[in-house]
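Hi,

Here is the structure I promised to pass along, together with some notes on what turned up in it. Have a look at the model first, then read on.

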Amino acid sequence: MPRPISAHISRSALSHNLDVVRRRLRTAHAAGQPTKVWAVIKANAYGHGIERAVAGFAGADGLAMLDLAEAVRCRDAGWSGPILLLEGIFEPADIDVVGQYRLTVAVHHADQLAMLHQARPAVPIDVFLKLNSGMNRLGFTPDAYRAAHRELLSLQAAGTLGLVGHMTHFSTADTEEGIAAQMALFERTTGGLAGPVSLCNSAASLRYPEVAGDWARPGIALYGASPFADESAQELGLRPAMALRSRLIGTQTLRTGDAVGYGGTYRAEAPMRIGVVACGYADGYPRHAPTGTPVVVAGTRTRLLGRVSMDMLAVDLSPVPQAQVGAPVTLWGDEGLSVDEVATAAGTIGYELLCAVAPRVPVRFEE
Ligand SMILES: *Cc1c(COP(=O)(O)O)cnc(C)c1O
């Protein structure tokens, strides 16, 4: 028998979450053209698997990612709609792949413009010019934006490029600060220029659907996790797309003062039973999750004890005295335990935990 850990990915949860985001966007644009959705599937679809995401997001208008190999996998999996490369091309040779697989590319740097000048694609390439509106990660500064746009229009006139759109990325859509300053700069910089517009990640799609423009780019919400610290996935109507499950493979009875795990960081304050779960940091469970991080054993919520090991972690069986070896364990994504709660306890965000699930964890793709 293999180790009893497994990740369960729900196809229906992926498509349900896409519908939730789409409904928000549609309600805000009841009168005008509905906002199209690029389902963001970077980082192996936030750990859910590219092919599974292609199946779950069959109703999306497009798919967005960073990695050319992942884009090719989408085409191989039968996806024929638009694919956006969020970081664009990395070297001139990428242009051949872009042409062959009909990929849309972000253009965020002068080096990419230079590569496009050398390109002779068989069919014109669709591009989105990226504005750095304040995040200071990727994109042309407002001062350089219009000149870059003029260059793209000349490449369009020469037949190298097809569509020329505009995009930016919000850094504080999930906080009090919001998007107003970045939005104002985007509008000032792109004012009067033609072409489709793409602005909103999950947080902005859910909180500011009225600004969404032609294409939204939600990621995390589609996997059933919340982009917000102050609003849960459940409150947003989202369903977890991944459940990480395992079983107890051992139990111990501790006397007062007995320690648990490496470093003996947890000591029993009274006699107690503990369970040992087949899940460790080599499975992607965060090693920095402290004592008290929630875990569900046999349907009952309990807590992690001591340090997470490579292959195992320990849990308090006081609330589940009947639990024996073989008892089912949910690490996150089911039985009311969200990945966001576990992430918060571990001082990180759901994104990181989902992306980190290790290749050694067997995945079951379910309806
Ligand atoms: C990751 C990413 C997104 C999606 O962000 P979420 O917070 O997961 O919704 C959208 N746009 C860009 C450019 C990204 O890098």
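**The cavity and its lining**

The largest cavity is lined by Lys 130, Leu 131, Asn 132, Ser 133, Met 135, Asn 136, Arg 137, Leu 138, Thr 168 and His 169. Please keep in mind that this is a predicted model. Sorted by class, that lining of the largest cavity comes to three nonpolar, five polar and two charged residues. The space inside the largest cavity is about 40 Å³. When the whole structure is searched for cavities of 30 Å³ or more, one is found.

**The ligand**

Which residues are closest to the ligand? They are Lys 42, Tyr 46, Ser 202, Ile 220 and Tyr 351, out of 14 residues that surround the ligand. By class, the shell around the ligand splits into six nonpolar, four polar and four charged residues.

For Ser 202, the distance from a polar side-chain atom to an oxygen atom of the ligand is 2.5 Å. For Tyr 351, a polar side-chain atom sits 2.6 Å from an oxygen atom of the ligand. As for cover, the ligand taken alone exposes 390 Å², and the protein buries 93% of that.

**One serine to look at**

Ser 246 belongs to strand 10, which covers residues 242-254. Is Ser 246 buried or exposed? Its relative accessibility is 3%, so Ser 246 counts as buried. Buried here means under 20% relative accessible area.

**The chain as a whole**

Stepping back, here is the overall picture. The chain has 367 residues, and 53% of them count as buried. Its secondary structure comes to 11 helices and 18 strands. Taken along the principal axes, the C-alpha atoms of the chain fill a box of roughly 80 × 40 × 35 Å.

That is what I have for now.

Best wishes

Definitions and conventions. Residues are numbered from 1 along each chain as its sequence is written. This is a predicted model: local features need pLDDT of at least 70, side-chain atom pairs count only at pLDDT 80 or more; totals for chains, interfaces and linings use all residues. Side-chain values use heavy atoms; hydrogens and water are left out. A residue is near a molecule or strand if one of its heavy atoms lies within 4 Å of it. A polar contact is a pair of N or O atoms within 3.5 Å; within protein, one must be able to donate a hydrogen and the other to accept it, and residues adjacent in sequence count only if both atoms are side-chain atoms. Accessible areas come from the Shrake-Rupley method with a 1.4 Å probe; for residues, only the protein chains shown count as cover. Ala, Val, Leu, Ile, Met, Phe, Trp, Tyr, Cys and Pro count as nonpolar, Asp, Glu, Lys and Arg as charged, and the others, Gly among them, as polar. On a 1 Å grid over the protein atoms alone, a cavity is a set of points where a 1.4 Å probe fits but cannot get out, and a pocket is an open set with protein on both sides within 12 Å along at least five of seven lines; lining residues have an atom within 4 Å of a point. Grid points are joined across faces, edges and corners, and a volume is the space filled by probe spheres set on the points. Helices (H or I, at least four residues) and strands (E, at least two) are DSSP runs, numbered from the N terminus. Buried means under 20% relative accessible area, exposed over 50%, partly exposed in between (1.4 Å probe, protein chains only).
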